[in-house]
Amino acid sequence: IGKTVLTGRMVEEQYQPYLEDMASEYGTIASLQVIGTDGTVRFSSPPLAYRNIVTEEPFFRALSPQRPRYLSDLYPGPDRALPRFRVASLITDGTDRPLGIVAMEFYDHTVLELLSRWSTGQTEVLLDGQGHAVFTTQGSGLVRAVQNDPDFARVASTHRAGPVDVAISEK
């Protein structure tokens with residue numbers, strides 16, 4: 001999404017319909033934004049009625065070529081609507097030169113749709129931006145076990161994406 005919009009692969013008039021198509025394709029998305037390196041939201045779904053600058057948002061300050069992905073904690077939606085979480089990615093040109101950011105908000109109840117389906121004995125753990133476990137496909141008991149496991153904490157602090165084998169026992 002980001003490279004398509006930020007590198008001019010389409011004519012500008014197609015960006016808004018493209019983002020709206022992407023957001024509707026994945027019904028779990030509450031909002032989708034393409035943001036310039038200056039923090040200005042350039043395009044979004046749903047469309048913004050005003051110029052929005054996100055330079056003070058935690059995800060904008062946290063992203064860098066060394067840390068190109070961000071996952072927020074849960075936060076209330078507008079007007080205390082359903083809780084949401086944000087996933088943001090720094091888009092680069094392939095040489096670590098930032099082009100912009102793609103940020104997506106998801107409703108909290110849709111997290112299961114984002115996680116893979118694993119075999120018996122396997123699970124996925126969703127980490128927040130600080131590397132703390134916030135959700136597992138096995139429920140809150142495993143979240144507590146993960147948070148208290150020093151081996152998992154070590155792996156979570158150094159590993160950025162992809163599967164990791166860690167043996168954790170629930171006590």
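## Ground rules

The model is predicted, so local features need pLDDT of at least 70 and side-chain atom pairs count only at pLDDT 80 or more, while totals for chains, interfaces and linings use all residues. Numbering starts from 1 along each chain as its sequence is written, and side-chain values use heavy atoms, with hydrogens and water left out.

## The chain at a glance

You're looking at six helices and seven strands. Both are DSSP runs numbered from the N terminus: H or I with at least four residues for helices, E with at least two for strands. Along the sequence they come in the pattern α-α-β-β-α-β-β-β-α-β-β-α-α.

Of the 171 residues in the chain, 38% are buried; that word means under 20% relative accessible area, with exposed being over 50% and partly exposed in between (1.4 Å probe, protein chains only). As for contacts (heavy atoms within 4.5 Å), take those between residues at least 6 apart in sequence: 40% of them join residues at least 24 apart.

## The sheet and its helix

Five strands form an open sheet in the order E2-E1-E5-E4-E3, paired antiparallel. Two strands pair if DSSP finds at least two bridges between them. At the edges sit strand E2 (41-45) and strand E3 (69-71), each pairing on one side only. From one strand to the next, the twist averages 15 degrees. Angles here run from 0 to 180 degrees between N-to-C directions, using lines fitted to C-alpha atoms, for helices over the stretch in contact.

E3 is joined to strand E4 (residues 84-92) by three bridges, and the two run antiparallel. Leu-71 stands opposite Val-87 in E4. Helix H2 (residues 15-25) packs on the sheet, where it touches strand E1 (29-36) and E2; the directions of H2 and E2 make about 45 degrees.

Glu-20 belongs to helix H2. It counts as partly exposed because its relative accessibility is 34%. Beyond its neighbours within four places in sequence, Glu-20 is in contact with Ser-45 and Pro-47. Phe-43 is 23 residues away from Glu-20 in sequence, and their C-alpha atoms are 10.0 Å apart.

Between Ser-45 and Pro-46 the peptide bond is cis, with omega near 0 degrees. Pro-46 lies in the loop between E2 and H3.

## A positive phi

Most residues other than glycine have a negative phi, and most peptide bonds are trans. Asp-96 is not a glycine, yet it has a positive phi of about 70 degrees. It sits in the loop between E4 and strand E5 (98-107), and since its relative accessibility is 47%, Asp-96 counts as partly exposed.

## The second largest pocket

The second largest pocket holds about 410 Å³ of space. A pocket is an open set of points on a 1 Å grid over the protein atoms alone, where a 1.4 Å probe fits, with protein on both sides within 12 Å along at least five of seven lines; lining residues have an atom within 4 Å of a point. The volume is the space filled by probe spheres set on the points.

Among the 22 lining residues, Ser-31, Gln-33, Tyr-75, Arg-86 and Glu-105 are the closest to the centre. E1, E2, helix H3 (58-62) and E4 each supply at least two lining residues, and E1 gives the most, with three. By class, the lining has eleven nonpolar, six polar and five charged residues. Here Ala, Val, Leu, Ile, Met, Phe, Trp, Tyr, Cys and Pro count as nonpolar, Asp, Glu, Lys and Arg as charged, and the others, Gly among them, as polar.
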